[in-house]
Amino acid sequence: MDISIFLSGRELIASDKDFDILLLDIEMPDLDGISVKDYFITHRKKTRIIFMTSHQERAMEAFGKNVVRFLVKPLKQKELWSVLEETLSDICGKVLEIEENGMSLCLPVKQIQYIKAQDKYTTAVTLTGDYLVRRTMKFWEKELPEQDFCRIHKSYLVNLEYLDKKG
């Protein structure tokens with residue numbers, strides 16, 4: 001997880017980084033949060049935006065396609081954490097908690113490219129690495145959304161999102 005801090009709206013827009021979540025205030029140097037929101041809605045459509053501001057009178061301007069919430073300062077920590085959890089869950093989708101080598105890890109289902117059976121184990125191949133776990137193919141078939149995964153062989157379960165659809 002990367003966290004970036006910008007001192008102004010212009011500096012944020014000038015960065016070439018893609019962001020999953022933006023925490024914006026309406027009042028910012030150079031370019032206000034409303035202008036930054038408008039830019040991100042047009043140019044970086046997947047970014048979720050959470051406004052944190054004391055300018056309640058501009059709440060209607062703040063809302064837009066990717067605006068998740070409008071929080072009023074002073075912030076309540078519990079409310080902020082709740083909004084962040086909800087937003088991360090929306091971005092990552094379902095997360096499976098599995099055990100690998102005695103360690104518990106959370107595996108976002110969207111990142112699983114395929115599952116390969118190997119004797120009593122299976123390997124979950126993901127965007128971030130491969131995880132050898134003592135789980136059966138039946139376990140994976142039960143836990144993974146059937147509209148997103150297809151068993152193409154007795155030893156392979158693939159995420160349809162990662163299939164090359166070029167003919």
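Which residue stands opposite Thr122 in β8? I looked this up first. Val133 in β8 stands opposite Thr122.

**Model**

I am working from a predicted model. I checked confidence before going further. The chain averages a pLDDT of 89, and 98% of the residues score at least 70. Among the elements, β10 has the highest mean pLDDT, 96. The lowest mean, 84, belongs to strand β4, residues 95–100.

Strand β7 covers residues 121–126 and pairs with β8 in the antiparallel sense, over four bridges. I then traced the whole sheet. This open sheet has five strands in the order β8-β7-β6-β10-β9, and the pairing is antiparallel. I noted its edge strands as β8 (130–133) and β9 (149–153), each pairing on one side only. From one strand to the next, the twist averages 20 degrees.

**Val158**

I picked a residue in β10. Val158 is found in this strand, which spans residues 156–159. Is Val158 buried or exposed? I read a relative accessibility of 10%, under the 20% limit, so Val158 counts as buried. I listed its contacts, not counting residues up to four places away in sequence: Val158 touches Gln113, Tyr114, Asp148, Phe149, Cys150, Ile152 and Leu163. I also took one distance. Val158 and Leu84 are 74 residues apart in sequence, and their C-alpha atoms are 30 Å apart in space.

**Met137**

Next I went to helix α5, residues 137–143, where Met137 has its place. I found a relative accessible area of 7% for Met137, which is under 20% and therefore buried. What does Met137 contact, leaving aside its neighbours within four places in sequence? I found Ile115, Ala117, Thr122, Arg151, Lys154, Ser155, Tyr156 and Leu157. Thr122, from my opening entry, is among these contacts of Met137. Met137 and Gln56 are 81 residues apart in sequence and 52 Å apart in space, C-alpha to C-alpha.

I counted the bridges between β2 and β3. Five bridges join strand β2, residues 48–53, to β3, and the two run parallel. I looked up one partner as well: Thr53 has Val72 as its bridge partner in β3.

Conventions: Residues numbered from 1 in each chain as written. Predicted model: local features only at pLDDT ≥ 70, side-chain atom pairs only at ≥ 80, totals over all residues. Heavy atoms only, no water. Pairing = 2+ DSSP bridges. Buried < 20%, exposed > 50% of the residue type's maximum accessible area, 1.4 Å probe, protein only. Contact = heavy atoms within 4.5 Å. pLDDT = per-residue confidence, 0-100. Axes fitted to C-alpha atoms, helices over the stretch in contact; angles between N-to-C directions.
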